[in-house]
Amino acid sequence: LFLPVSICFFVMHDAFDYVPVVEKLPIQIESIATYGSTLLVGTRKGHLILYEVLDSEDFHSKSKVALKKTNKNFSTKPIVQLSVVEELNVILSLSDNIVSVHDLDTFGLRFRLHKTQGAIVFKADLKIHRPLGAPVPKYRLRLAVSVRRRIEVWKFGNLENLEILRFSCLNGETIRFRI
């Protein structure tokens, strides 16, 4: 079946639309993280900047951005990676090749994971377990960290270090594990 060209038309649909939020910053951005309507920016100088992004009514117009908080003493080195675990009220950061845990409200350092010295990347995963009849859910945070030529998996229960599992990668072998 052939249709005349005059009746054929194509509708283009974009799944995402680009809307500038913060432009022309006088700083070098190294990392970003979001939670809710909040944007965290980690800089090359080790500063942490918190913006609140307020969506506009019109999807295609620019969102309003408000600077909420800045901490110029967050780190002395570039903040290479950021992750927010809002349920535990913490920020995970990678700076100076060490993973650190900070308070989300004050940006204060809670503790450093010194055994992650040499880390180049991490990924956090939070599991929420709601036992029947329990008023408060239980949280289990797992943190996978690439340190030199191995992968370390840290397990936390309410931010208390429970266990560290280490896996070594040799000669390009693939490691499969379930935790």
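A nonpolar core is a set of buried Ala, Val, Leu, Ile, Met, Phe, Trp, Tyr and Cys residues joined through side-chain atoms within 4.5 Å. Here, buried means under 20% relative accessible area, exposed means over 50%, and partly exposed is in between (1.4 Å probe, protein chains only).

This is a predicted model, where local features need pLDDT of at least 70, side-chain atom pairs count only at pLDDT 80 or more, and totals for chains, interfaces and linings use all residues. Residues are numbered from 1 along each chain as its sequence is written, and side-chain values use heavy atoms, with hydrogens and water left out.

**View 1. Meet the largest nonpolar core, with its 17 residues.** Leu92, Val99, Phe122, Leu143 and Val145 touch the most other members. Two or more residues come from each of strand 6 (90-95), strand 7, strand 9 (119-129), strand 10 (138-147) and strand 11 (150-157). Strand 10 gives the most, with 4 residues. (Strands are DSSP runs of E, at least two residues, and helices are runs of H or I, at least four, numbered from the N terminus.) Another core, of 12 residues, lies apart from this one and includes Tyr35, Leu48, Leu50 and Ile79.

**View 2. Zoom in on Leu92 and its contacts.** Contact means heavy atoms within 4.5 Å. Skip the residues up to four places away in sequence, and Leu92 touches Gln81, Leu82, Ser83, Val85, Ser100, Val101, Phe122, Ala124 and Leu143.

**View 3. Here is strand 2 (residues 38-43), with 6 of its 6 residues buried.** Thr38, Leu40 and Gly42 sit on one side, Leu39, Val41 and Thr43 on the other, and both faces are covered. Strands count as paired if DSSP finds at least two bridges between them. Strand 1 (residues 29-35) runs antiparallel to strand 2, joined by 6 bridges, and Ser31 stands opposite Gly42. The hairpin they form has 2 residues between the strands, and Gly36 in the turn has a positive phi of about 55 degrees. Strand 3 (residues 48-54) also pairs with strand 2 in the antiparallel sense, over 5 bridges, with Leu40 opposite Leu50. In this hairpin there are 4 residues between the strands, and Gly46 takes a positive phi near 90 degrees.

**View 4. Finally, take a look at Asp103 in strand 7 (residues 98-103).** Asp103 counts as buried because its relative accessible area is 15%. The Asp103 side chain reaches the backbone nitrogen of Thr106 at 2.9 Å. Leaving aside neighbours within four places in sequence, Asp103 is in contact with Asn89, Ile91, Gly108 and Arg110.

Methods: A polar contact is a pair of N or O atoms within 3.5 Å; within protein, one must be able to donate a hydrogen and the other to accept it, and residues adjacent in sequence count only if both atoms are side-chain atoms.
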